[in-house]
Amino acid sequence: QVQVVESGGGLVQPGGSLRLSCAASGSAFSFNAMAWYRQTLGKQRELVAMLTEGGDRNYADFAKGRFTISRDNAKDTIALQMNSLKPEDTAVYYCRAWAGVAYWGQGVQVTVSS
């Protein structure tokens with residue numbers, strides 16, 4: 001059974017940093033891309049950053065220069081380093097992993113507030 005598990009959310013002050021992690025497991029096929037999305041109440045889920053198996057990175061405009069997606073040492077594990085956080089970054093952050101089909105994690109809450 002495929003599992004996609006996020007960790008690292010929490011409360012941070014404006015200007016602060018957080019690091020999210022995502023681990024995917026259980027697929028008979030390799031995860032050829034992994035990504036972070038976010039969603040706030042009443043809005044559609046939006047892409048934050050994507051990392052392909054070949055190492056290509058794509059970022060939403062709001063994430064460029066502040067967020068960094070990377071592959072951790074463990075196989076099929078990625079991280080999202082978020083710096084200079086703003087209140088408008090407050091959202092539930094979801095990890096998505098592709099292995100033939102796409103799988104979602106359960107999401108982690110990130111709250112940016114003083």
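Predicted model: local features only at pLDDT ≥ 70, side-chain atom pairs only at ≥ 80, totals over all residues.
Reader: Which residues does the disulfide join?
Author: A disulfide is a covalent bond between the sulfur atoms of two cysteines. Here the S to S distance is 2.0 Å. That is within the 2.5 Å cut-off. The joined residues are C22 and C95.

Reader: How many residues apart are C22 and C95?
Author: C22 sits in strand 3, residues 18-25. C95 sits in strand 9, residues 91-99. The pair links distant parts of the chain, and the separation is 73 residues.

Reader: What is the handedness of the link of C22 and C95?
Author: The angle about the S-S bond is -80°. The link of C22 and C95 is therefore left-handed.

Reader: Is C22 buried or exposed, and is C95 buried or exposed?
Author: Buried means under 20% relative accessible area. C22 has 1% relative accessibility, so C22 counts as buried. C95 has 0%, so C95 also counts as buried.

Reader: What is the bridge partner of C22 in strand 8?
Author: Strand 3 and strand 8 run antiparallel. Six bridges join them. The partner of C22 in strand 8 is I78.

Reader: Which strands are the edge strands of the open sheet?
Author: Four strands form this open sheet, in the order 1-3-8-7, with antiparallel pairing. An edge strand pairs on one side only. The edges are strand 1 (3-7) and strand 7.

Reader: Which residues have the most contacts inside the largest nonpolar core?
Author: L80 touches W36 and Y93, among others. L80 also touches residues including L18, L20, V48 and F67. Those with the most contacts inside the core are W36, L80, M82 and Y93.

Reader: What is the radius of gyration of the protein chain?
Author: The chain has zero helices and eleven strands. The globule rule gives 13 Å for 114 residues. The chain's value is close to that, so the chain is as compact as a globular protein of that length. Its radius of gyration is 13 Å.

Definitions and conventions:
Residues numbered from 1 in each chain as written. Heavy atoms only, no water. Helix = DSSP H or I, 4+ residues; strand = E, 2+ residues; numbered from the N terminus. Buried < 20%, exposed > 50% of the residue type's maximum accessible area, 1.4 Å probe, protein only. Core = buried A, V, L, I, M, F, W, Y, C linked by side-chain atoms within 4.5 Å. Contact = heavy atoms within 4.5 Å. Pairing = 2+ DSSP bridges. Rg over C-alpha atoms; globule rule 2.2 N^0.38 Å. Lists of a residue's contacts leave out its neighbours within four places in sequence.
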